Amino acid sequence: MASAEIDVKYVAHLARLALTPEEEKKLSAQLGNILGYIEKLRELDVSSVEPTAHATPMVNVTRADEIRPSLPHEEALRNAPKQAGGLFVVPKIVE
Amino acid sequence: MLNQFTISELTARLASREVSARDATQACLDQVARVDGRLHAFISHNPADALAQAEAADREIAAGVTKPLLGVPIAIKDVLAVKNQPLNCASKILGDFISPYDATVIEKLKAAGAIVFGRLNMDEFAMGSSTENSAFGLTRNPWDMTCIPGGSSGGSAAAVAADECIASLGSDTGGSIRQPAALCGCVGLKPTYGRVSRYGLVAFASSLDQIGPFTKDVRDSATLLGVLSGLDPRDSTSVPQPVPDYTKSLTGDIRGLKLGLPKEYMIGGLAPEVKAAVDAAVKKFQELGAEIVEISLPHTDYAVATYYIIATAEASANLARFDGIRYGARVDGADPIELYSRTRGAGFGPEVKRRIILGTYVLSSGYHDAYYLHAQKVRTLIRNDFLKAFEHVDAIVTPTTPTAAFKAGEKSDDPLQMYLSDIFTISCNLAGICGVSVPCGFTQNPRLPLGLQLLGKPFGEESLLRLAHAYEQSTPWHKEKPAI
């Protein structure tokens with residue numbers, strides 16, 4: 001099937017996911033197989049069917065725009081892999 | 001053996017002061033100590049914390065306080081936030097994460113008096129059908145240690161079946177409650193989408209995920225559903241539908257209820273022993289006065305393919321948050337992109353990577369309409385099949401799984417075969433309806449439990465539980481215990 005030609009390296013870049021060459025090779029074969037199976041959906045003519053994004057009967061759920069209690073600063077930082085001065089530390093983004 | 005009690009048995013004895021919450025909790029902890037080295041249902045648990053909660057419950061009982069779950073030890077799948085407890089989703093990527101808050105369902109359990117303990121093993125990020133995709137090692141089936149317990153909530157099912165707790169919570173995105181419940185011989189309920197708040201549930205596929213209970217009988221399932229359900233302003237998909245006392249619907253009287261038998265579910269891959277058990281269950285329902293109607297769900301054959309587009313697409317977006325910046329493990333890089341990629345490459349296991357790649361691909365430019373939008377349209381057809389069927393029947397009866405528990409390692413190298421083992425449970429999530437699995441027999445050799453699935457209308461949990469309860473009470477299956 002044409003879909004078996006999934007460019008794993010490119011998609012992994014989009015997903016920000018580092019893969020080893022072995023992983024790329026294995027995933028390429030497995031995903032080709034899965035996409036081949038998924039092709040069966042093409043049998044269905046859905047041109048006049050509306051998509052379903054979810055099955056909840058709720059629409060446009062809103063709440064009052066007001067300040068409410070939230071996680072204390074130090075609690076929000078407790079699980080940070082690296083922090084300093086009450087902030088998350090990340091690699092330099094702008095020179 | 002206090003740990004063998006159901007919720008209703010234990011709460012009755014706690015109320016009459018025949019037993020204490022401390023003794024019941026200690027019995028569960030003793031059982032964990034005795035069997036979990038072999039079973040590995042738990043990733044971790046904190047006995048001192050559980051006993052402290054039990055002692056607090058005993059003080060409340062002594063003071064005359066009554067709450068629906070006061071003093072009942074309930075264990076939790078490692079995908080739900082419990083304040084000050086670890087949360088790993090059975091993944092390496094969360095590192096030594098400690099939850100800063102309680103999920104809504106945990107708040108509700110605590111408010112109902114439950115003793116919330118333990119982190120139950122699962123497939124990493126709830127992706128899998130065997131609990132083999134855990135970074136913490138696999139869980140075994142209490143009925144046969146060479147077999148898988150099902151997944152993704154395999155720890156939740158195994159812990160209840162092995163009496164390591166009185167009940168447990170899991171999550172179900174494509175069958176992750178019902179399938180392990182079937183394979184371990186307990187009752188597993190997936191409520192209607194929106195019935196239970198998902199706040200504090202780590203999201204896998206947000207339009208499909210739902211939290212539900214694992215219990216030793218249907219009455220306990222009804223009790224827990226009543227505690228867990230309800231509108232939550234923190235989950236905008238939760239629904240302001242009143243929460244009835246579900247135990248009141250367990251009348252035993254199912255005369256006149258109509259049960260649909262979908263012809264598409266009697267497929268080739270169905271094991272003869274499963275078919276025989278389901279046929280016998282259908283006969284039992286007829287004896288009990290239900291009417292059996294053959295129905296058709298014509299798009300059944302497309303459910304697995306639809307699911308693996310929609311679920312992976314949503315997962316690829318949801319799992320973008322695991323980037324090594326705000327929490328969890330981090331692998332450093334020269335710039336943020338390298339940091340994200342390395343962190344995620346080192347932190348996620350093979351199945352999660354597979355699904356992120358598939359989900360990213362079906363959403364990527366040029367493929368979105370061909371895959372994702374197309375699948376959402378097929379989802380409409382699948383949902384309409386059910387809504388049409390429910391115009392004529394009160395519930396639908398099917399096998400929960402095509403076979404009994406399979407051997408560990410049997411399908412782990414073939415993801416597509418693993419996905420196809422969810423063929424009977426997946427449609428329920430796509431349609432957003434409710435479903436329950438109840439024990440319906442055993443295979444001969446080895447002796448492994450089988451599950452019967454009942455599917456109900458949106459917010460039709462009362463009829464669903466009434467049918468499941470009537471069947472359960474007229475059969476012996478739920479009383480059997482594994483020799484562990």
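1. Where helix α4 meets helix α7 in chain B, the residues B:V105, B:K108 and B:L109 of α4(B) are in contact with B:L224, B:V227 and B:L228 of α7(B), contact meaning heavy atoms within 4.5 Å. The residues of this contact divide into five nonpolar, no polar and one charged, where Ala, Val, Leu, Ile, Met, Phe, Trp, Tyr, Cys and Pro count as nonpolar, Asp, Glu, Lys and Arg as charged, and the others, Gly among them, as polar. Helices (H or I, at least four residues) and strands (E, at least two) are DSSP runs, numbered from the N terminus.

2. Before going further, please note that this is a predicted model, in which local features need pLDDT of at least 70 and side-chain atom pairs count only at pLDDT 80 or more, while totals for chains, interfaces and linings use all residues. Residues are numbered from 1 along each chain as its sequence is written, chains are lettered from A and ligands numbered from 1 in the order in which they are written, and side-chain values use heavy atoms, with hydrogens and water left out.

3. Helix α4 (residues 104–111) and helix α7 (residues 218–228) of chain B pack at an angle of about 115 degrees, with their axes 9 Å apart, so α4(B) is roughly perpendicular to α7(B). Axes are lines fitted to C-alpha atoms, for helices over the stretch in contact, and angles run from 0 to 180 degrees between N-to-C directions; those under 35 degrees count as roughly parallel, over 145 as roughly antiparallel, 65 to 115 as roughly perpendicular and the rest as oblique.

4. The two chains also meet through helices, since the axes of α2 (residues 21–38) of chain A and α11(B) come within 10 Å and cross at roughly 55 degrees, which makes α2(A) oblique to α11(B). Among the residues that meet here are A:L27, A:L31 and A:I34 from α2(A) and B:I357, B:L358 and B:Y361 from α11(B). The residues of this contact divide into eight nonpolar, one polar and three charged.

5. Further along α11 (residues 350–363) of chain B lies B:V362, which is buried at a relative accessible area of 0% (buried means under 20%, exposed over 50%, partly exposed in between, with a 1.4 Å probe and protein chains only). Not counting residues up to four places away in sequence, B:V362 touches B:I309, B:T312, B:A313, B:Y367, B:H368, B:Y371 and B:Y372.

6. The largest nonpolar core has 184 residues, and those with the most contacts inside it are B:L69, B:L109, B:F125 and B:F386; such a core is a set of buried Ala, Val, Leu, Ile, Met, Phe, Trp, Tyr and Cys residues joined through side-chain atoms within 4.5 Å. Helix α9 (residues 303–318) of chain B gives the most to this core, with ten residues. Leaving aside neighbours within four places in sequence, B:L69 is in contact with residues including B:L109, B:L224 and B:V227.

7. B:S427, placed in helix α14 (residues 426–431) of chain B, is buried with a relative accessible area of 1%. Beyond its neighbours within four places in sequence, B:S427 is in contact with B:Y265, B:A303, B:I382 and B:F386.
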